[in-house]
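Here are my notes on the model you asked me to look over. Keep the structure open beside them and find each spot as you read.

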Amino acid sequence: MEIRLGLCTLRPWRLSDEQALAHHANNRKIWRNLRDAFPHPYDELDAVAWIAKHVGVEPVRFFAIDHEGELAGSIAIVQESDVHARSAEIGYFVAEPFWGRGIATQAVRGISAYAFDTIPELARLHAAVFEWNRASMRVLEKAGFECEGVLRQSIWKDGALVNSMLYAKLRP
Ligand SMILES: CC(C)(COP(=O)(O)OP(=O)(O)OC[C@H]1O[C@@H](n2cnc3c(N)ncnc32)[C@H](O)[C@@H]1OP(=O)(O)O)[C@@H](O)C(=O)NCCC(=O)NCCS
């Protein structure tokens, strides 16, 4: 299962991604914009555990972002449960050497289309962006997400209590 896009391909994780994942994910600028469940420092054992968890799992919901054969990031959709079961959260990072080339925007567009195509009951995709993360807000806007509001003081990250911005896209 691969989603081929112009600038990148979204593909399943491979055991051979371990070294590149450990290298790129060990970045405070990435950690600072993700949940604390994302380790920092990020070492090879973290990469091994991540890949072991996701390799071979069907249907594929956790993708590696591949740029010209190199690992360039990670993107995933996680369906919610209970009364939120028709929503899914989208999460992603692009490795710093690949920033500013439009890769995240294309990956978010690609996985959004895939999510609505392959999960018939899905009504909504969403992401809550920390208030300092203008780049990710821009990515979501370019990918057709709308800002629905501010979740005030919803995030405790890096020693600060901050707002997050709720972005969502409904089934087209
Ligand atoms: C956010 C992130 C995914 C962006 O990846 P990317 O591949 O560089 O994104 P794109 O190139 O598709 O688009 C970035 C956009 O943000 C803009 N941007 C970058 N830094 C910015 C800033 N400080 N303020 C405002 N806009 C900014 C770029 O100019 C570009 O918009 P443009 O095309 O209108 O010029 C990447 O920086 C990252 O992985 N960050 C850490 C993890 C993270 O934030 N994940 C998302 C959590 S919600």
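1. Among contacts in the protein chain between residues at least 6 apart in sequence, 62% join residues at least 24 apart. Two residues are in contact here if their C-beta atoms, placed from the backbone, lie within 7 Å.

2. A word on what you're looking at. This is a predicted model, where local features need pLDDT of at least 70 and side-chain atom pairs count only at pLDDT 80 or more, while totals for chains, interfaces and linings use all residues. Residues are numbered from 1 along each chain as its sequence is written.

3. Now the parts list. The protein chain has five helices and eight strands, and their order along the sequence is β-β-α-α-α-β-β-β-α-β-α-β-β. The radius of gyration is 15 Å, close to the 16 Å that the globule rule gives for 172 residues, so the chain is as compact as a globular protein of that length. Helices (H or I, at least four residues) and strands (E, at least two) are DSSP runs, numbered from the N terminus. The radius is taken over C-alpha atoms, and the globule rule is 2.2 Å times the number of residues to the power 0.38.

4. In what order do the eight strands sit in the open sheet? The order is 1-2-3-4-5-6-8-7, with mixed pairing. Strand 1 (3-4) and strand 7 are the edge strands, each pairing on one side only. Two strands pair if DSSP finds at least two bridges between them. In general, strands of a sheet pair through backbone hydrogen bonds, either parallel or antiparallel.

5. Follow the sheet across from strand 2. Strand 2 (residues 9-12) runs antiparallel to strand 3 (residues 62-67), with four bridges, and Leu-10 stands opposite Ile-65. Strand 3 is also antiparallel to strand 4 (residues 70-79), this time over six bridges, and there Phe-62 faces Ala-76. Strands 3 and 4 make a hairpin with two residues between them, and Glu-68 in the turn has a positive phi of about 50°.

6. Strand 6 and strand 8 run antiparallel, joined by seven bridges, with Ala-128 partnered by Leu-166 of strand 8. Strand 8 (residues 160-170) also pairs with strand 7 in the antiparallel sense, over eight bridges. Is strand 7 (residues 146-157) largely in the open or buried? The number of its 12 residues that are buried is zero, so strand 7 lies largely in the open. Buried means 20 or more other C-beta atoms within 10 Å of a residue's own, exposed means 12 or fewer, and partly exposed is in between, with C-beta atoms placed from the backbone.

7. For contrast, pick out Val-94 in strand 5. Val-94 is buried, with 26 other C-beta atoms within 10 Å. Leaving aside residues up to four places away in sequence, Val-94 touches Ile-65, Ala-72, Gly-73, Trp-99, Ile-103 and Ala-104. Val-94 and Ile-65 are 29 residues apart in sequence, yet their C-alpha atoms are 7.8 Å apart in space.

8. Next, the ligand. It is surrounded by 21 residues, the closest being Asn-33, Ala-104, Thr-105, Arg-134 and Ala-135; a residue is near if its C-beta atom, placed from the backbone, lies within 6 Å. Strand 5 (87-94), helix 4 (103-118), strand 6 (124-130) and helix 5 (134-142) each give two or more residues to this shell. Helix 5 gives the most, with five.

9. Which residues of helix 1 are buried? In helix 1 (residues 18-25) they are Glu-18, Leu-21, His-24 and Ala-25. They cover an arc of only 145° around the axis, which puts them on the same side of helix 1. That arc is of the directions from the helix axis to the C-beta atoms.

10. Most residues other than glycine have a negative phi, and most peptide bonds are trans. The bond from His-40 to Pro-41 is cis, with omega near -5°, and so is the one joining Glu-58 and Pro-59, with omega about -10°. Asp-82 has a positive phi near 55° and is exposed, with 5 other C-beta atoms within 10 Å.
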